[in-house]
Amino acid sequence: MGAITTHVLDTARGRPAGGIAVLLERRDERRGDWKTIGQGDTDADGRLRTLMPEGASLEPGQYRLIFDTRTYFAAQSVRALYPTVIVVIETMAGETHYHIPLLLGPFGYTTYRGS
């Protein structure tokens, strides 16, 4: 399991959201730009455990997860308000794992730090 993981649940359908493309980026503190460090698709259970390589250390700083929700909802012929969901987190020194679930519907979403 990577140092940053996610789990997407489709609250409108009441089940996991498989097949959502997720991009993980880290902010360069000096330059302020973002660098891609991982990507993948959620599995049939809505989980993505491999955004960071196995054993990669988690450096303190800002990371963002970018969820391609447009493609997910379009595949279901569902009109949705948010084509992309971007979640920015800040990791702290001494922490080794962050799990960021996304509860998703066509017209709203919420996120939190999971375990």
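Trainee: Is Asp-28 buried, partly exposed or exposed?
Mentor: Asp-28 is partly exposed, since its relative accessible area is 22% and the buried class ends under 20%. Keep in mind that this is a predicted model.

Trainee: OK. Which side chain does Asp-28 meet in a salt bridge?
Mentor: Arg-31, with an N to O distance of 4.0 Å. Arg-31 also meets Asp-33 in a salt bridge, there with 2.9 Å from N to O. That links Asp-28, Arg-31 and Asp-33 in a network of salt bridges.

Trainee: And how exposed are Arg-31 and Asp-33?
Mentor: Arg-31 is exposed, at 63% relative accessible area. Asp-33 counts as partly exposed, at 31%.

Trainee: How many salt bridges does the structure hold?
Mentor: Six. One of them joins the side chains of Arg-113 and Glu-95, at 3.1 Å from N to O.

Trainee: Where do Arg-113 and Glu-95 lie?
Mentor: Arg-113 is in the segment after strand S9 (108-111), while Glu-95 is in the loop between S7 and strand S8 (98-105), so the pair ties together parts that are 18 residues apart in sequence. Both count as partly exposed: Arg-113 has 44% relative accessibility and Glu-95 has 33%.

Trainee: Switching to the fold. How many helices and strands are there?
Mentor: One helix and nine strands. Along the sequence the pattern reads β-β-β-β-β-β-α-β-β-β.

Trainee: In what order do the strands of the open sheet come?
Mentor: The order is S4-S3-S6-S7, four strands with antiparallel pairing. At the edges you find strand S4 (34-41) and strand S7 (84-91), each of which pairs on one side only. From one strand to the next, the twist averages 20°.

Trainee: How many bridges join S6 to S7?
Mentor: Eight, with S6 covering residues 61-68. Gly-61, for instance, has Thr-91 in S7 as its bridge partner.

Trainee: And S3 to S4?
Mentor: Seven bridges there, again antiparallel, with S3 spanning residues 21-27. Glu-25 stands opposite Thr-36 in S4. The hairpin of S3 and S4 has six residues between the strands, and there Gly-32 takes a positive phi near 85°.

Trainee: Which residue has a positive phi although it is not a glycine?
Mentor: Ser-77, with a phi of about 55°. Most residues other than glycine have a negative phi. Ser-77 lies in the loop between H1 and S7 and is exposed, with 70% relative accessible area.

Trainee: What about nonpolar residues on the surface, which ones form a patch?
Mentor: Leu-81, Tyr-82, Phe-107 and Tyr-109, with about 410 Å² of accessible area together. Leu-81 is in the loop between helix H1 (69-75) and S7. Leu-81 counts as exposed because its relative accessible area is 51% and the class starts over 50%.

How values were computed: Residues are numbered from 1 along each chain as its sequence is written. This is a predicted model: local features need pLDDT of at least 70, side-chain atom pairs count only at pLDDT 80 or more; totals for chains, interfaces and linings use all residues. Side-chain values use heavy atoms; hydrogens and water are left out. Two strands pair if DSSP finds at least two bridges between them. Helices (H or I, at least four residues) and strands (E, at least two) are DSSP runs, numbered from the N terminus. Axes are lines fitted to C-alpha atoms, for helices over the stretch in contact, and angles run from 0 to 180 degrees between N-to-C directions. Patches are made of residues with over 30% relative accessible area and no salt bridge: like charges are joined within 9 Å, nonpolar side chains (Val, Leu, Ile, Met, Phe, Trp, Tyr) within 5 Å. Accessible areas come from the Shrake-Rupley method with a 1.4 Å probe; for residues, only the protein chains shown count as cover. Buried means under 20% relative accessible area, exposed over 50%, partly exposed in between (1.4 Å probe, protein chains only).
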